[in-house]
Amino acid sequence: MRLRAGDLVSTPDLAVARHLLAAWDPPTLEQERTRDRILAFVDEHPQDAHRRTCLPGHLTASALVLDARRERALLTFHRKLGKWLQLGGHCDGDANLAAVALREAAEESGIADLAIDPIPVDLDVHMIPARKGEPEHLHLDTRFLVHAPPGARERASEESLELRWFTRAEAADLETDDSVRRLFRIAWQRSS
């Protein structure tokens, strides 16, 4: 079942994010450990785990946007981090992680009428380096697959230096990290 933006209700209630993560069936032991780490973080920060003001880290949500034929995925060359990544970002107080991922994908891609598979496909915890006015901190990321409509045309936002569609083969040679390569593997396993 794919959902669109109008189907998803934003909420500040962290119990919604916690329930989604606790109910998720991790495909590997590594993913189970990552899920448990994120759940422990939410339990340690029950008021603000989904807000940037939580300085040790915060929940984020992201999306690998697939084209209508499921042959290519859209990545952004991230302005601040300087590498190709999936679309996504901060929850900013919204504990509906699927809604966050879909909102961020729409904002960063400029594509209207995206649809999301509301069950996470991957979790990742990674360190964000310190920058001016921002200490080093964790992003505890929940990742989803998002589907673009036929004929979708991307438009880069201010967060991107560039947006580009990549096939699985093209993605293998990108300057990115293992978690993005893992997302590509997951996407193509699900489409074959």
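The accessible surface of the protein, computed by the Shrake-Rupley method with a 1.4 Å probe, comes to about 9,700 Å², and 49% of this surface belongs to carbon and sulfur atoms. The structure is a predicted model, in which local features need pLDDT of at least 70 and side-chain atom pairs count only at pLDDT 80 or more, while totals for chains, interfaces and linings use all residues. Residues are numbered from 1 along each chain as its sequence is written, and side-chain values use heavy atoms, with hydrogens and water left out.

Of the 192 residues in the protein, 52% are buried, where buried means under 20% relative accessible area, exposed means over 50%, and partly exposed lies in between (1.4 Å probe, protein chains only). The C-alpha trace spans about 45 × 40 × 35 Å along its principal axes. The radius of gyration, taken over C-alpha atoms, is 16 Å, which agrees with the value near 16 Å for a compact globule with 192 residues; the globule rule is 2.2 Å times the number of residues to the power 0.38.

The protein contains five helices and eight strands, these elements being DSSP runs numbered from the N terminus (helices H or I, at least four residues; strands E, at least two). From the N terminus on, their order is α-α-β-β-β-β-α-β-β-β-β-α-α. Among contacts (heavy atoms within 4.5 Å) between residues at least 6 apart in sequence, 70% join residues at least 24 apart.

Helix 1, residues 14-23, has Leu 14, Ala 17 and Leu 21 as its buried residues. Seen down the helix axis, these residues fall within an arc of 65°, so they line one face of helix 1, the arc being that of the directions from the helix axis to the C-beta atoms. An α-helix has 3.6 residues a turn, so residues three or four places apart point the same way. On the other side of helix 1, His 19 and Ala 23 are exposed. The buried residues of helix 1 pack against helix 2 (29-44), strand 1 (57-66), helix 3 (97-109), strand 6 (122-128) and strand 7 (137-147).

Pro 149 and Ala 68 are 81 residues apart in sequence, yet their C-alpha atoms are 5.4 Å apart in space. When residues up to four places away in sequence are not counted, Pro 149 touches Ala 68, Ile 111, Ala 112, Asp 113 and Leu 114.
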